[in-house]
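These are my notebook entries on a single chain.

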Amino acid sequence: MTTHPDDWNRLYEDEGRPGWDMNGATPLVAELLDLALPRGLRVGGEIVVPGCGYGHDAAELEARGFAVTGLDFAPLAIQGARQRYGDRVAWSLADWFTTHLGPWHAIFDHTCFVAMDPARRPAYVDACAAHLKPNGLWLAVLFHDVKGRPGPPHAITMEDMRRLAEVRFEVLHLAEAASSHPRRAGREFLLVARRRPE
């Protein structure tokens, strides 16, 4: 998959509602927050949602009391997020690998890591660490099964995800998701990881 925003933008132009968009926040927002709050995340903290698309997860996090930045590098994604949710969230047209926004207390990563070309995963993990405050948390929804389809989304095993994350993060939780959307049930797992000190 290309890394150029124009190609992602075309998906929004061609499909209106791209295949990954569920027309609402993932049910896993609540599950990940239940895991993260006892591990130091505080209501009112600053959370970024990279690859936010139409902003459903970002808006749900804002409704739960967080200061949220929704970030995407496809202009039509940000435009669609603003149309749906107004200015409740700080929307930003930016590239996760090069943005100078932040740092944040936490990252809520629902569809961004899994959309990356697997060759870019180590750089993506580095970017996550760079965008977090000390002891910041990376909350991620990941696929271990994409039904044999070519990505994105790209699957990764829990073991490979642990090895990848542990270079920059302390893994606090890594297990099957319990409350996935019915379309994704049995195929997702959750990561909660704390940024290691520099």
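I take two strands as paired if DSSP finds at least two bridges between them. The model is predicted, and I read every entry below on that basis.

Entry 1, the sheet. I looked up the strand order and found an open sheet of 7 strands, S3-S2-S1-S4-S5-S7-S6, with mixed pairing. Strand S3 (90-93) and S6 are the edge strands, each pairing on one side only. From one strand to the next, the twist averages 20°.

Entry 2, the parallel pairs. S2 and S3 pair in the parallel sense over 4 bridges; in S3, alanine 90 is the bridge partner of threonine 69. From S2 the chain crosses through helix H4 (residues 75-85) to S3, and I recorded this β-α-β crossover as right-handed. S1 and S2 also run parallel and are joined by 5 bridges, and glutamate 46 has alanine 67 in S2 as its bridge partner. The crossover from S1 through H3 to S2 is a β-α-β one and is right-handed. I then checked burial in S2 and found 5 of its 6 residues buried.

S5 and S7 pair in the antiparallel sense over 7 bridges. Leucine 191 in S7 is the bridge partner of alanine 140. I next examined H3, which packs on the sheet and touches strand S1 (46-50), strand S2 (67-72), S3 and S4. The direction of H3 makes about 175° with that of S2. H6 also packs on the sheet, touching S5, S6 and S7, and its direction makes about 165° with that of S6.

Which residues of the largest nonpolar core touch the most other members? Among its 30 residues, I found these to be Trp96, Phe113, Trp138, Met161 and Leu191. At least two residues of this core come from each of strand S4 (104-109), helix H5 (121-130), strand S5 (132-143), helix H6 (158-165), strand S6 (169-176) and strand S7 (188-195). Apart from it lies another core of 26 residues, including Leu32, Ile47, Val68 and Ile78. I listed the contacts of tryptophan 96 beyond four places in sequence; they include Val48, Pro50, Leu71, Trp104 and Tyr124.

Why is H2 largely enclosed by the rest of the structure? I counted 7 of the 9 residues of helix H2 (residues 28-36) as buried, so the helix is largely enclosed. Among the buried residues of H2 are Leu28, Glu31 and Leu35. Their cover includes helix H3 (56-63), S4, S5, S6 and S7.

Technical notes. Residues are numbered from 1 along each chain as its sequence is written. This is a predicted model: local features need pLDDT of at least 70, side-chain atom pairs count only at pLDDT 80 or more; totals for chains, interfaces and linings use all residues. Side-chain values use heavy atoms; hydrogens and water are left out. A nonpolar core is a set of buried Ala, Val, Leu, Ile, Met, Phe, Trp, Tyr and Cys residues joined through side-chain atoms within 4.5 Å. Buried means under 20% relative accessible area, exposed over 50%, partly exposed in between (1.4 Å probe, protein chains only). Contact means heavy atoms within 4.5 Å. Axes are lines fitted to C-alpha atoms, for helices over the stretch in contact, and angles run from 0 to 180 degrees between N-to-C directions. A crossover is right-handed if, with the strands pointing away from the viewer, the path from the first strand over the helix to the second runs clockwise.
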